[in-house]
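My entries follow in the order in which I checked them.

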Amino acid sequence: MNNIYFTLGPSQLYPTVTDHIQQSIEEEILSISHRGKKFVEIYEELSSNLRTLLNIPSTHHIFFTGNSIETMERIIANTVEEKSFHIMTGEFSQRFYQIALDLNKRPEFFEFEINKDLDFNQINVPQGTELICITENETGTGFQIPLDSFKQIKENNPGVLIAVDTVSSAPFTNVDLSFVDIAFFSVQKGFGLPAGLGVMIVSDAAIEKAYSLFKKGISIGSNEFSFITHVENEKNIHAPVPSGTPNVLDIYLLSKVSKDLNTVGIKNLRADAEKKAKLLYDFFDNEFPYKPLIKDQYRSLTTIVIEVNGKAGVIADSLAKDGFIVSKGYRHFGNDHLRIANFPAHSINDVMNLINRLKLFKEF
Ligand SMILES: *Cc1c(COP(=O)(O)O)cnc(C)c1O
């Protein structure tokens, strides 16, 4: 099989992953204890590589979960007594909001209308908001929040915690974490790794909030998975793992791939991503019968979504015959959207090959 996966997660493996998996078997990583010295070494190496790659400030900790939907639940439980506020841009921000409802909080939201201008100064964050939740890149629609927004939101709302979903924009994301209290992602998207690990980057301020809720007697979920357990394990056993056995293989692979990405350099990675995105958007804007869903400055770098009027199945099946695997629309947009990932694992050549294959669709 020689397919190339332009799917939005799981996606194409980063090219070095196969060798790293082989190496992990040789080093017996798959059998070591997650409480031992070797694991602490793997964690420390990961921390160093990831901090360089994503420019993580020393005020922020790196915690692990199983995946990012789980991360959303941990964030609400650990930082919200009553009021979270959600900037609703699509399906994933909707799920973050629903999780707050499920946990008996009183979340509110601002709904963003697709292809209308978004002015963060006009968003009225309600009094008493404890946490603002933002999806940097909506994987369903291909909508990306402009980067300078985060500074604006933090400055307009001092003292309010901010959580940013960067699941489908990491590692390209250039969000300035000094304006963000919690950022999170999963490894099966931009990092090109097997699924099964969520990463959250959590500020001291967010951890203090968990302690203060706990002291007030408010549930922050079971203590097995709370921010408090993460941070106390970080202090005591030098690895910020919650209870339960973490995905040691993925933590190892994330460290190795972060190192490889640092070798390429984040600036080069971003420049490449921009080149590939431009090739794709130019092609769809000018040469394809169907057009990108999102206009202008809100277009995602990593998630290219095309409105195809019920043809997604036909197009995806035809591409798959030649080994190009793309995503159809998210949930009820199944047949109406075609979605293409632009991650570090996709080379410029891969993208040009995909475009050349798409050129064969002339009429519908
Ligand atoms: C995929 C995705 C998630 C969920 O991640 P999982 O690892 O599948 O839980 C959350 N938010 C966004 C924007 C995503 O693309």
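Predicted model: local features only at pLDDT ≥ 70, side-chain atom pairs only at ≥ 80, totals over all residues.

I then looked at Ser-186, where a side-chain N or O atom is 2.6 Å from a ligand oxygen, and at Lys-189, whose polar side-chain atom lies 2.7 Å from an oxygen atom of the ligand. I also noted that the ligand taken alone exposes 380 Å², of which the protein buries 89%.

Entry 2, the shell. I recorded 14 residues surrounding the ligand, with Ile-69, Thr-139, Asp-165, Ser-186 and Lys-189 as the closest. Sorted by class, the shell holds eight polar, four nonpolar and two charged residues, and its largest share, three residues, comes from helix H3, which spans residues 68-79.

I asked myself why S5 counts as largely enclosed by the rest of the structure. Five of the five residues of this strand, 131-135, are buried, and therefore I wrote it down as largely enclosed. Leu-131, Cys-133 and Thr-135 point one way from S5, while Ile-132 and Ile-134 point the other way, and all are buried.

Entry 4, neighbours of S5. I saw that S5 pairs in the parallel sense with strand S3 (residues 84-88) over four bridges, and that His-86 has Cys-133 of S5 as its bridge partner. Strand S8 (residues 161-165) also runs parallel to S5, joined to it by five bridges, and there Leu-161 is the bridge partner of Leu-131.

How values were computed
Residues numbered from 1 in each chain as written. Heavy atoms only, no water. Near = heavy atom within 4 Å. Polar contact = N/O pair within 3.5 Å; in protein donor to acceptor, adjacent residues only side chain to side chain. Areas by Shrake-Rupley, 256 points an atom, 1.4 Å probe, with all protein chains shown as cover. Nonpolar A, V, L, I, M, F, W, Y, C, P; charged D, E, K, R; others polar. Buried < 20%, exposed > 50% of the residue type's maximum accessible area, 1.4 Å probe, protein only. Pairing = 2+ DSSP bridges.
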